[in-house]
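Please open the structure in a viewer and keep the selection tool at hand.

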Amino acid sequence: MPKESSQSSQPDRAGVHRVVVIVDENSNPFELGCATEVFGLRRPEVGRELYEFRLCSPEPRTAMRDGFFTLTGVGGLELADTADTLIVPNRPDVEVPRRPAVLDAIRRAHGRGARLIGFCSGAFTLAEAGVLDGRRATAHWQWADAFRARFPAVRLESDVLFVDDGDILTAAGSAAALDLGLHVVRRDHGAEVANTVSRRLVFAAHRDGGQRQFVQRPMPDLPDESLAPVMAWAQERLDSPLTVSDLAARAAVSPATLHRRFRAQLGSTPLVWLTGERLALACRLIERGESRFEVVARRSGLGTAANLRSLMRRETGITPSAYRRRFGPATG
């Protein structure tokens, strides 16, 4: 059974959470770069080390995708046995079986309770290891039919950015790896730290996993249909009783047109986006020390403490009190 997605996969041993990436023959450099950017770089602005990051490979020399370059000088596959979070190989040749040694390492990690992450075609690796049977997962949309045919026991969600199924998380292709990586940072360290990391990446702080993979971008019939101005305007007024009609009026379009633009550009709706922004602000307020949940709800535009509790429980899996204990200022 999947673990609660709200639980931080903190290491049992003393020390910083260790993230290990398995790199195998023909692995994709982009997703490896995403993992390195999110988990491998030091964050002096945060004031503490977030992760210990290591690469490992079953061979001393690993040719990356299409022979772009060869990776050397990384540890052996035994490092996978030390991971608190294990990121599995993803490759474009999804029909080629993974090495038995890699699959065995994944099964051992899963058996001892490590968190598993698959970016893009990494879902094939996890499924081949047998750890996804009966579980929710996603993969790049172009491989959805092949995945379902090969792994019918997996509950594939082919039209979302990423799936958090507790101790196993999967992301669709390319930039969705960054979305999932930031989601994991938020899950482990809170919204404020995740926002700091996203600013360093110059990347959106939060895109909900349920957003669509493939976002249509038709040619605009107006000179500028960017949502950025109205979104920035709303973010400065989250404590106000904003409605979709208010956003549409600010953008000088009808609510129906605004809805279509949100769907086309973000794969979401104005109301879902607005609620997500308010919840993120509520999390930051709690992290900064505001203990009165009715004040948090009012300042974030969520109205009442009861609504705050309901939304946080639904979106993060934990209550505001539990969130404060985990991410609020240290009281010692």
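The stops below go from the whole chain to the sheet, its helices, a cavity and a single residue.

**Before starting**

This is a predicted model, in which local features need pLDDT of at least 70 and side-chain atom pairs count only at pLDDT 80 or more, whereas totals for chains, interfaces and linings use all residues. Residues are numbered from 1 along each chain as its sequence is written, and side-chain values use heavy atoms, with hydrogens and water left out.

**Stop 1: the whole chain**

Display the protein chain as a cartoon; it holds 13 helices and 10 strands. These are DSSP runs, numbered from the N terminus: helices are H or I of at least four residues, and strands are E of at least two. Of the 332 residues, 52% are buried, a term for under 20% relative accessible area, with exposed meaning over 50% and partly exposed in between (1.4 Å probe, protein chains only). A contact is defined by heavy atoms within 4.5 Å. Among contacts between residues at least 6 apart in sequence, 65% join residues at least 24 apart.

**Stop 2: the sheet**

Select the six strands of the open sheet, which follow the order β2-β1-β5-β6-β10-β9 with mixed pairing. Its edge strands are β2 (52-56) and β9 (162-164), each of which pairs on one side only. Two strands pair if DSSP finds at least two bridges between them. Neighbouring strands are turned by 15° against each other on average, direction ignored; axes are lines fitted to C-alpha atoms, for helices over the stretch in contact, and angles run from 0 to 180 degrees between N-to-C directions.

Next, select β1, residues 18-22. Are its residues buried or exposed? Five of its five residues are buried. Arg 18, Val 20 and Ile 22 lie on one side, Val 19 and Val 21 on the other, and both faces are covered. In a regular strand the side chains alternate between the two faces of the sheet. β1 pairs with β2 in the parallel sense over five bridges, and Val 20 stands opposite Arg 54 in β2.

Move on to β6 (residues 115-119) and β10 (residues 168-171), which run parallel and are joined by four bridges. Here Gly 118 stands opposite Thr 170 in β10.

**Stop 3: two helices on the sheet**

Helix α3 (residues 122-129) packs on the sheet, where it touches β6 and β10, and its direction makes about 135° with that of β6. Now select helix α1 (residues 29-40), which lies across β1, β2, β5 (85-87) and β6 and runs at about 155° to β2.

**Stop 4: the largest cavity**

Select Val 21, Ile 22, Asn 28, Leu 32 and Asn 90: among the 14 lining residues of the largest cavity, these lie nearest its centre. A cavity is a set of points, on a 1 Å grid over the protein atoms alone, where a 1.4 Å probe fits but cannot get out; lining residues have an atom within 4 Å of a point. The volume of this cavity is about 80 Å³, that is, the space filled by probe spheres set on the points, with grid points joined across faces, edges and corners. Helix α1 gives the most to the lining, with three residues.

**Stop 5: Thr 125**

Finally, select Thr 125, which is found in helix α3. Thr 125 is buried, with a relative accessible area of 0%. Which residues does Thr 125 touch, not counting those up to four places away in sequence? They are Val 88, Pro 89, Arg 98, Leu 103 and Ile 106. Thr 125 and Arg 98 are 27 residues apart in sequence, while their C-alpha atoms are 6.7 Å apart in space.

Terms used. 1 Å grid on protein atoms, 1.4 Å probe; cavity = no way out; pocket = protein on both sides within 12 Å on 5 of 7 lines; lining within 4 Å.
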